[in-house]
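Dear colleague,

Please find below the sequence and structure that I am handing over to you. My notes on what was found follow directly after.

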Amino acid sequence: MILALVHRLAGRPAWIRWGLLAAGLFLAAVLPWVLYPPVATDILCWGLFAVAFDLLLGHAGLLSFGHAAFWGGSAYVTGLIALHSGLPFYAAVLGGAVAAALLALPIGYLAVRRSGIYFAMITLAFAQMVYFVANQWSAVTGGENGLQGIPRTLPGADLSDAFTFYYAALPVVLLGLAAAHRIVRSPFGRVTAAIRDNPDRVRALGYSADRYKLTVFTASAFLSGLAGGLFAVNHGFASLQEVDWTTSGKVVVMTVLGGIGTLWGSLVGAAAIVRLEDWLSTAGFEQTDLVTGGVFIVVVLLFRQGLWGTATHLLRLRAPSAPPEEPEADAESPAHAGGGGGRGFTARAK
Amino acid sequence: MTSFLQQLFNGLVSGSFYALLALGLAVIFGMLRVVNFAHGALYMLGAFGAVVLGDDAGLGFWWALLLVPAALAVAGMAMERLLVQRLTALDPLYNFLLTFGIALVCQDLLRMKYGSHSRPYDRAPFGGTVDLGLFDYPRYQVFVLAVSVVVCVAVWLLLTRTRIGTVVRASTERPELTRAFGIDTRRWVTPVFGFGVALAGLAGVLAAPMRAVNSDMGADLIITVFAVVVIGGLGSVFGSVVAGFAIGMIQALGNLYVPVLSQTSVYLLMAVVLLVRPAGLFGKEEHA
C-alpha cells in the first residue's frame, strides 16, 4: 500500500520512499499477530478486491455495481476446483480468477456500450443474473447451502491453522496489488485515465475507447476473482452472499471510504470496514447493511475525498514546499470533492 | 391457448408494478438526472405502511392507498431537500451512491424492527374472481392492473396536456432556456421527486395484498426495474412504462415455456437490447 506514496513523494529523498514501502510490508507481515488471523486474511481479500475495484472506478471512471459477480463467481469456481480436483489452492484460486475474467468479457462487452449511471445499472443487473444462476443451479453451486468444506490444499504444508494460511495467501495478494499498481502506471493506464477524463478526445486521437474500457474491466474482474477465491478458501465455503448485490455495494463503500482513485486508500477503506463489522458482530450487532449504508451516506455527503485523499491533502498542507504533483499522479484529481473544476468522477456534473 | 392468455395476463399484472416503478424512476431521472436506488426501498416502505396502518391503526386498504403515498411523498421531498440536493451539482453517480446507502439503511431498519420474515396482509378490498371470458381471474389483480394503467395514462396526460407538465418537461429538456423565460425550474425539483416517490409508495400499497411483504421485497424488484429502464430507455417516460408492461408479459411467457429462464429472461433481453440498440428501445443516444 505504500507504493503509491512512493510515487506521490517522487522527488523526495529515496530513503523516505523505501522506508514507507518497508513500513507497509512490515505491517502486512505482522498483521496476524495484531489481529485475529482469519480477520487479517479477510482484510487481505477485501483489500485486494477494493483495489481491483478502484482500478476500474478511480482510474477508468467506470462505476461497476456488479463486482460481486466476479468476486462470488470466482469463489464458486475456486471452491469447485478445490473440492473436486485436489489441486493446490493456488491453482484453484487462479482458476477462479480466470473464470471471473472470462465472465467479465461478455458483461463488459455489453456494459461499456453505456457510461455513467447506465454502466452502474447494467453491471448491477448482470450481477443479479449471476446471482440467480448460482441460486438455481444448485446441483453445482449447492443453491441456498452454498459450497461447503472447501479445503486448503497445499502439498507439503499444513494450512489448517488460520495463522499459517495468512502467510500462504499474502504473496497472492501482494502480486495482485503489484499488478494493479503496474497497470495504473503503465502507458495503458494513462490511456484509461485519459478516457475517464476526456473520452471524446481519446477517440479523436484514434484509440478505441471501448476496447480499453473492456480490457481494464476484465483486469479488474481478474483481480477481484483472485480476492474472491482466496476469501472462499479462507472461510472454507462459498455462498450466495458472495454474489449478492450488497457485496457489490460493500466494495464500493470501501473504495469510496478509502478515497476514489487513490488505489491504496482502498486498502485502508477495506481494513476499516472489515474491522468495524468484526467489532460490531463481536458486540452482538448484526445489522451490517445498516453500517454499510450509514457509512455510504456520511462519506458521500461529507467526506468525498476519503481517508487516503484527506490524509494526503493534509500532508501537502503541512509541506507547502513539496514539489507539485505530477499531472498523471491521478490520485488527487478525482478526489477534489465538492469542487466543480476538476475532471473525473467527482466533477463531471451534468 | 387459455393458459397462454392467462399467463399473458399474469405478466400484465406483474408488469403493472414494473411500469409504476419505472415511471417514478423516469420522472425523477428526467428532472434531476438522479437514478434513485432507494426506489425499491420506498416501494417496500409503502407495503409496510399498509400493513402497519392496518395492524396498528385498524385502517383499511383504501385509507392506506390514500395516506401511504402521501406520507411517502412528504418523506421523499424531505429526502430531496436535506440530502439529494446537496449532491446535484456533482456527478450523478454520487446521488446513486447516496440513495444506495439510504436503501440499505431503510431495509436494515425495517429488518431490525420487524424481522426478515414476511408479514401477512389480509385487508384486500375484494376477493373472489372475475370472469374474463376465457378464464376466471382474481378480482384484486384486475384492479391492480386497472389502477396501474390509469395512473400511467394520467401521468402521461399530466406531462403532455397541462401547463405544469409543460413546465416540467421544459425544465427537463432545456433547463437554461426555461430559466431564461423567467420560470424557476428549481421550484419543481422537490415536488417532482416527491411525486416519483409517491408512485413507488402507491405500488407498494398495491403489492401488499398480493405479494410477500418483507424487507427484501424492494431490492429484488428494483434491480429488475433497472433492467427494464435500460431496455426502455430511462430518458423516455413512455418507453419506461411500455417496457415495464412488455417485460412483465415476456417474463410470464418465459415462466410458461422455458421455466429455467424465468428469473434471468429479463437480463438476457437487456443484453440483446444493448447489442442492438444501446440507448434502449425508446431512448436517445446520449453520453451521460
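Two residues are taken to be in contact if their C-beta atoms, placed from the backbone, lie within 7 Å. On that basis, residues 24 or more positions apart account for 76% of the contacts in chain A with a separation of 6 or more.

This is a predicted model, in which local features need pLDDT of at least 70 and side-chain atom pairs count only at pLDDT 80 or more, while totals for chains, interfaces and linings use all residues. Residues are numbered from 1 along each chain as its sequence is written, and chains are lettered from A and ligands numbered from 1 in the order in which they are written. The predictor assigns the complex an ipTM of 0.88 and a pTM of 0.87. For chain B, the average pLDDT (the predictor's confidence in each residue, from 0 to 100) is 87, and 98% of the residues score at least 70.

Chain A contains 16 helices and 2 strands; these are DSSP runs numbered from the N terminus, with helices being H or I of at least four residues and strands E of at least two. Of the 350 residues in chain A, 53% are buried. A residue is buried if 20 or more other C-beta atoms lie within 10 Å of its own, exposed if 12 or fewer, and partly exposed in between, with C-beta atoms placed from the backbone.

The interface between the chains

In chain B, 38 residues are in contact with 40 residues of chain A. The elements giving two or more residues to this side of chain B are α3 (61-87), α4 (92-114), α9 (217-232) and α11 (265-276). Of these, α4(B) gives the most, with 15 residues. By type, this side of chain B divides into 29 nonpolar, 5 polar and 4 charged residues. Here Ala, Val, Leu, Ile, Met, Phe, Trp, Tyr, Cys and Pro count as nonpolar, Asp, Glu, Lys and Arg as charged, and the others, Gly among them, as polar.

Helix α14 (residues 288-302) of chain A meets α4(B), their axes coming within 7 Å and crossing at roughly 150°. The two helices are therefore roughly antiparallel, a term for angles over 145 degrees. Axes are lines fitted to C-alpha atoms, for helices over the stretch in contact, and angles run from 0 to 180 degrees between N-to-C directions. The residues making the contact include A:Phe296 and A:Ile297 of α14(A), and B:Leu97 and B:Phe100 of α4(B). They divide into 13 nonpolar, 5 polar and 2 charged.

Individual residues

A:Val252 lies in helix α12 (residues 245-258) of chain A. Leaving aside residues up to four places away in sequence, A:Val252 touches A:Phe65 and B:Leu97. Why does A:Val252 count as buried? A:Val252 is buried because 28 other C-beta atoms lie within 10 Å.

A:Ala104, in helix α5 (residues 89-111) of chain A, is also buried, with 28 C-beta neighbours inside 10 Å. With the exclusion of residues up to four places away in sequence, A:Ala104 touches A:Phe70, A:Phe217, A:Thr218 and A:Ala221.

Most residues other than glycine have a negative phi. A:Leu263, in the loop between α12 and α13 (265-282) of chain A, has a positive phi near 55°, and A:Leu263 is buried. B:Arg33 has a positive phi near 60° and lies in the loop between α1 (2-32) and α2 (39-57) of chain B. With 19 C-beta neighbours inside 10 Å, B:Arg33 is partly exposed.

Yours sincerely

Notes
Parallel < 35°, antiparallel > 145°, perpendicular 65-115°, else oblique.
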